[in-house]
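The following paragraphs lead the reader through one protein model, beginning with a single residue and widening from there. Please keep the sequence and the structure in view while reading.

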Amino acid sequence: MPRYEYRCRTCGDTFELSRPMAESSDPAACPAGHDDTVKLLSAVAVGGSAASSSAPAPSGGGGGCCGGGCCG
Ligand SMILES: [Zn+2]
C-alpha cells in the first residue's frame, strides 16, 4: 500500500498515511485532529528504469575502410 505525506496547515505538522491509491486525495486529519491538511508530493519508488540503457553503442568511425573495399 503506498504511503502519502501530508502537511497540516493548522499546526504545520507533517505526517504520513498508508492508504489505497484511490483514497490518496481524500481528506486526511493530522494526528492532532486538524482537517486543514494538504497532500505533499512524496518520492514513492514504484520501480524505475534509470539503469537501463537501450541506446546502441557507436562502433567504428565510418572512415571508409570496410565500405570502400580495402578490407576484402
Ligand atoms: Zn494539525
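Arg-19 is buried, with a relative accessible area of 12%; here buried means under 20% relative accessible area, exposed means over 50%, and partly exposed lies in between, as found with a 1.4 Å probe on protein chains only. The model is a predicted one, in which local features need pLDDT of at least 70 and side-chain atom pairs count only at pLDDT 80 or more, while totals for chains, interfaces and linings use all residues. Residues are numbered from 1 along each chain as its sequence is written, and side-chain values use heavy atoms, with hydrogens and water left out.

What surrounds Arg-19, leaving aside its neighbours within four places in sequence? Arg-19 is in contact (heavy atoms within 4.5 Å) with Met-1, Pro-2, Tyr-4, Tyr-6, Ser-24, Asp-26, Pro-27 and Ala-28. Met-1 and Arg-19 are 18 residues apart in sequence, and their C-alpha atoms lie 6.2 Å apart in space.

Side chains of opposite charge can pair when their charged atoms come close. Arg-19, although buried, has no salt bridge, and the nearest side chain of opposite charge, Glu-23, is 4.8 Å away. A salt bridge requires a side-chain nitrogen of Lys or Arg within 4 Å of a carboxyl oxygen of Asp or Glu.

By this rule there are two salt bridges. In one, Arg-3 pairs with Glu-16, the closest N and O atoms being 2.4 Å apart. Arg-3 belongs to strand β1 and Glu-16 to strand β2, so the pair ties together parts 13 residues apart in sequence. Arg-3 is partly exposed at 45% relative accessibility, and Glu-16 is partly exposed at 44%. Another salt bridge joins Arg-9 and Asp-36, with 3.0 Å between the closest N and O atoms. This pair links distant parts of the chain, 27 residues apart: Arg-9 is in the loop between β1 and β2, and Asp-36 in the loop between β2 and β3. Arg-9 is exposed, with a relative accessible area of 52%, whereas Asp-36 is partly exposed at 35%.

The zinc ion has as its protein donors Cys-8 (SG), Cys-11 (SG), Cys-30 (SG) and His-34 (ND1), at 2.0 to 2.4 Å. Donors are N, O and S atoms within 2.8 Å of the metal (3.2 Å for Na, K and Ca); water is not among the atoms, so sites may look incomplete. Along the chain the donors follow the spacing C-x2-C-x18-C-x3-H. Cys-8 in strand β1 (residues 3-8) and His-34 in the loop between β2 (14-18) and β3 (37-40) are 26 residues apart and link distant parts of the chain. Cys-8 is buried, with a relative accessible area of 0%, whereas His-34 is partly exposed at 25%.

Finally, the overall fold may be considered. The protein has zero helices and three strands, where helices (H or I, at least four residues) and strands (E, at least two) are DSSP runs numbered from the N terminus. Buried residues make up 12% of its 72 residues.

Note on methods:
Lys and Arg count as positive and Asp and Glu as negative; His and the chain ends are not counted.
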